[in-house]
Amino acid sequence: MTTTTAIAKADRRTVSGSTPGAARGPRRPGRIRRIGLPYLLLLPALVLELLVHLVPMVMGILMSFKALTRFSIRDWSAAPWSGFDNYKISVDINAPAGEALLHSFWVTCGFTVLSVGLCWLLGTATAIFLQDTFRGRGVLRTLFLVPYALPVYTAVITWAFMFQHDNGLVNHVLHDQLGLTDKPSFWLIGDNSFIALLTVSVWKGWPFAFLVVMAGLQNIPKELYEAAALDGAGMWQQIRRITLPSLRPVNQVLVLVLFLWTFNDFNTPYVLFGKAAPEAADLISIHVYQTTFATWNFGTGSAMSVLLLLFLLVVTGLYLLLTSRRRKTADV
């Protein structure tokens, strides 16, 4: 009896021990297919990324080392090498080209800081105040997302008509209706062009911040606000102690995306001002375009583009490094 029981147990162990092994054998091809499937699905996007971004980027870097002008653009690969001459011209602040690029750089920095700050502030404040349930909240959320849903060219062209000197809506309201100005202002030329550009950028950018922050607010438990209210915390204390710390990961990504979009923005100033932006609104994207296609200095323009790329890579790397260190410190 004992011998029979032991043999039966041994047989069960053998069966149970051999069954997983037998099952693992045919699973390996399936596991390989599961691992390779994501890469297969990403292959079309990688090919498009290679053709649309990486190949032109490499060509632009090569062009920055060539003396490429209107006379050699037809066969740019045969243009003579100039080494780092194009970069020296771009960074020489004592020369006209370098001085103009430096001015454009500072204008772009100021524009980016103001635009990103205002977009984040308006988006965050609106998303927080629309968290409470009230009648018409859905309608307001939909209306606030309209600027983000409109095509960029349509929105900017509409603003360009509104900023017209003689028959624009802005001057009609500020001068004719409210009497805030002594005379109609020129918004698309002169110093006011910076205000016009900033207004359009914030108007079309803050709904994206509103959308991202509104999505991040859904992950904050309502119990935290209820407990804080029981402890006597007011609305501003709840925002400071609960909302903003909980939104820190979302805001870190949001600020970086807004920074890259705004600093590289070309469509807004190009559609608003045309090929030649005023000096007060001479963003670096428009400046590189003018250097490349208005003066036909393709080598110098390519060098400026490479310098812009390096600057954005350095700023992005430092930002990610600082935010990761803060995250680790907060976790400790």
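Predicted model: local features only at pLDDT ≥ 70, side-chain atom pairs only at ≥ 80, totals over all residues.
Residues are numbered from 1 along each chain as its sequence is written, and side-chain values use heavy atoms, with hydrogens and water left out.

The protein contains 14 helices and zero strands, helices being DSSP runs of H or I of at least four residues and strands runs of E of at least two, numbered from the N terminus. Of its 332 residues, 33% count as buried. Among the contacts with a separation of 6 or more, residues 24 or more positions apart account for 66%, a contact being defined by heavy atoms within 4.5 Å.

In an unreviewed entry, UniProt lists residues 37–62, 105–130, 142–162, 194–217, 245–263 and 303–322 under "transmembrane region"; the positions are given in the numbering used here, feature names are shortened, and such annotations may be inferred rather than shown by experiment. In the model, the span of residues 37–62 is 100% helix and 0% strand, and its end C-alpha atoms lie 36 Å apart. The span of residues 194–217 is likewise 100% helix and 0% strand, with 33 Å between its end C-alpha atoms.

The packing of α3 was examined against two helices. The axes of α3 and α11 come within 9 Å and cross at roughly 140 degrees, which makes α3 oblique to α11. Axes are lines fitted to C-alpha atoms, for helices over the stretch in contact, and angles run from 0 to 180 degrees between N-to-C directions; angles under 35 degrees count as roughly parallel, over 145 as roughly antiparallel, 65 to 115 as roughly perpendicular and the rest as oblique. The crossing of α3 and α11 is right-handed, a term used if the near helix is turned clockwise from the far one by less than a right angle, with left-handed used if the turn is anticlockwise. At this contact, residues of α3 including Phe 105, Cys 109, Val 116, Cys 119 and Trp 120 meet residues of α11 including Leu 254, Val 255, Leu 258, Phe 259 and Phe 263. Not counting residues up to four places away in sequence, Leu 258 touches Val 116, Cys 119, Gly 205, Phe 208 and Ala 209.

The axes of α3 and α10, in turn, come within 13 Å and cross at roughly 110 degrees, which makes α3 roughly perpendicular to α10. This crossing of α3 and α10 is also right-handed. Trp 120, Thr 124, Ile 128 and Phe 129 of α3 meet Met 235, Trp 236, Ile 239, Thr 243 and Leu 244 of α10.

Several loop residues were also characterised. Asp 191 lies in the loop between α7 (169–177) and α8 and is exposed, with a relative accessible area of 66%; although Asp 191 and Ala 280 are 89 residues apart in sequence, their C-alpha atoms are 5.4 Å apart in space. Lys 183 is found in the loop between α7 and α8 and is exposed at a relative accessible area of 61%, and its C-alpha atom is separated by 9.9 Å from that of His 165, 18 residues apart along the chain.

Ala 276, in the loop between α12 and α13, is exposed, with a relative accessible area of 57%. The C-alpha atoms of Ala 276 and Ala 294, 18 residues apart along the chain, are separated by 9.0 Å. Trp 296 is placed in the loop between α13 (284–294) and α14 (298–331) and is partly exposed, with a relative accessible area of 37%; its phi is near 65 degrees, a positive value in a residue other than glycine.

Methods. Buried < 20%, exposed > 50% of the residue type's maximum accessible area, 1.4 Å probe, protein only.
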